[in-house]
Amino acid sequence: MITFVHLSDIHFSPRDDLSQFDLDKQIRRALLEDLALKPADGASYDGLLITGDIAFGGKLEQYKRAQIFLDEVFTQTGIPATNTYLVPGNHDVDRDFVIPGLPLWDSHAKLRQAASAVVWRDVIAKQLQRDPLHSLLAPLGAYNNFSQGYGCLTTPDKLAWHRIFPKALEDDTRVRLHGLNSALISDEGDAPANLLVSEFQTSDFEHSIGVIDIVLCHHPPEWLMDKTPIRDALRTFAPLGLFGHEHSTRVTADTRQVQLF
């Protein structure tokens, strides 16, 4: 058996400093206390999965505070930091890079207005392959600095990551984790059905004998412009999907996939 801890939408801000202005310290304390009580079956924790919004505004100092908290999680659970996997959310975007009137804002607007998978693929490919500044990913600079320590970078060459979890199940089945970036075009205009993952992030999905695939993504498919191909890819290749963003704990399931929110 493999036991994962799933966290999402931690939203660390400069106010989260354990002072009187830190309104979330009671929640974090309760979480750490709960984690100290091992699962009811006596199993040990094996890995930590974080589905985005680690920071509140994508700033370096917010990730420093988040790291202090994660170190406490590691201490309480015994999970090694190397078994931590994460993806970015909209609050991991530094919106100082995406201001109305600047080129990146205009690029986001172009993608949203197109409503065409052909245009989406063309624009994203050009920005990743031809822009020497890699402007599309600039708002995720602090996030990438943080996630680098966990091997979960989102880069021009690899928007999505996938890794085999080191521990196998009892029957030697392996777990393969996939991290998708649903914050590619996140800005002040975020709304349901106007964010984008792009099929570039699911092109490496495959069926492998003896492997179970789990996908991590901050936004549920309903928040994506390309929700149909992304949903189809998830249902075809990944029997388990973990999401965040909506701040609502629930489980949905059918014969092909279980989704945890």
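The questions and answers below go through helices, their packing and some loop residues in a predicted model.

User: How many residues does α1 have, and what distance does the helix reach from its first C-alpha to its last?

Analyst: Helix α1 covers residues 25–36. At 1.5 Å a residue, 16 Å is expected, and the reach is close to that. The helix has 12 residues and reaches 17 Å.

User: Which residues of α1 are buried?

Analyst: The buried residues of α1 fall within an arc of 65° seen down the axis, so they line one face of the helix. The face turned away from them carries the exposed residues Gln 26, Ile 27 and Asp 34. The cover over the buried side includes β1 (4–7) and α2 (60–77). The buried residues are Arg 28, Leu 32 and Leu 35.

User: Are α1 and α2 roughly parallel or roughly antiparallel?

Analyst: Their axes lie 8 Å apart, at an angle of about 25°. Angles under 35 degrees count as roughly parallel. That makes α1 and α2 roughly parallel.

User: Is the crossing of α1 and α2 left-handed or right-handed?

Analyst: From α1, the contact uses Arg 28, Leu 31, Leu 32, Leu 35 and Ala 36. From α2, it uses Arg 65, Phe 69, Glu 72, Val 73, Gln 76 and Thr 77. α1 passes α2 in a crossing that is right-handed.

User: Which elements are included in the cover over the buried residues of α2?

Analyst: The buried residues of α2 are Gln 62, Tyr 63, Arg 65, Ala 66, Phe 69, Leu 70, Val 73, Phe 74 and Thr 77. Arg 65, Phe 69, Val 73 and Thr 77 are also among the α2 residues in contact with α1. The cover includes β1, α1, β2 (47–51), β3 and α5 (141–147).

User: Which residue follows α2, and what is its phi?

Analyst: The residue after α2 is Gly 78. Its phi is positive, near 80°.

User: Is Thr 82 buried or exposed?

Analyst: Thr 82 sits in the loop between α2 and β3 (84–87). Its C-alpha lies 6.3 Å from that of Tyr 150, 68 residues apart along the chain. The relative accessible area of Thr 82 is 59%, and exposed means over 50%. Thr 82 is therefore exposed.

User: How do α3 and α4 run, roughly parallel or roughly antiparallel?

Analyst: The axes of α3 (residues 103–114) and α4 (residues 117–130) come within 9 Å and cross at roughly 160°. Angles over 145 degrees count as roughly antiparallel. That makes α3 and α4 roughly antiparallel.

User: Which residues of α4 meet α3?

Analyst: The α3 side of this contact is Ser 107, Lys 110, Leu 111 and Ala 114. The α4 side is Val 119, Trp 120, Val 123 and Gln 127.

User: What is the phi of Ala 115?

Analyst: Ala 115 lies in the loop between α3 and α4. The residue is exposed, with a relative accessible area of 62%. Its phi is positive, in a residue other than glycine, and is near 50°.

User: What is the phi of Ser 198?

Analyst: Ser 198 is in the loop between β5 (174–179) and β6 (211–216). It is buried, with a relative accessible area of 3%. Beyond four places in sequence, Ser 198 touches Ile 124, Leu 159, Asp 226 and Ile 230. Its phi is positive, in a residue other than glycine, and is near 85°.

User: Which strand do the buried residues of α6 pack against?

Analyst: Helix α6 (residues 227–237) has Ile 230, Ala 233 and Leu 234 as its buried residues. They fall within an arc of 95° seen down the axis, so they line one face of the helix. They pack against β6.

User: What separates the C-alpha atoms of Gln 257 and Pro 239?

Analyst: Gln 257 is placed in the loop between β8 (251–253) and β9 (258–260). The residue is buried, with a relative accessible area of 6%. Its contacts beyond four places in sequence include Leu 234, Arg 235 and Pro 239. Gln 257 and Pro 239 are 18 residues apart along the chain, yet their C-alpha atoms are separated by 4.3 Å.

Notes:
Residues numbered from 1 in each chain as written. Predicted model: local features only at pLDDT ≥ 70, side-chain atom pairs only at ≥ 80, totals over all residues. Heavy atoms only, no water. Helix = DSSP H or I, 4+ residues; strand = E, 2+ residues; numbered from the N terminus. Buried < 20%, exposed > 50% of the residue type's maximum accessible area, 1.4 Å probe, protein only. Contact = heavy atoms within 4.5 Å. Expected span 1.5 Å × (residues − 1). Arc of directions from axis to C-beta. Axes fitted to C-alpha atoms, helices over the stretch in contact; angles between N-to-C directions. Parallel < 35°, antiparallel > 145°, perpendicular 65-115°, else oblique. Left-handed = near helix turned anticlockwise from the far one by under 90°.
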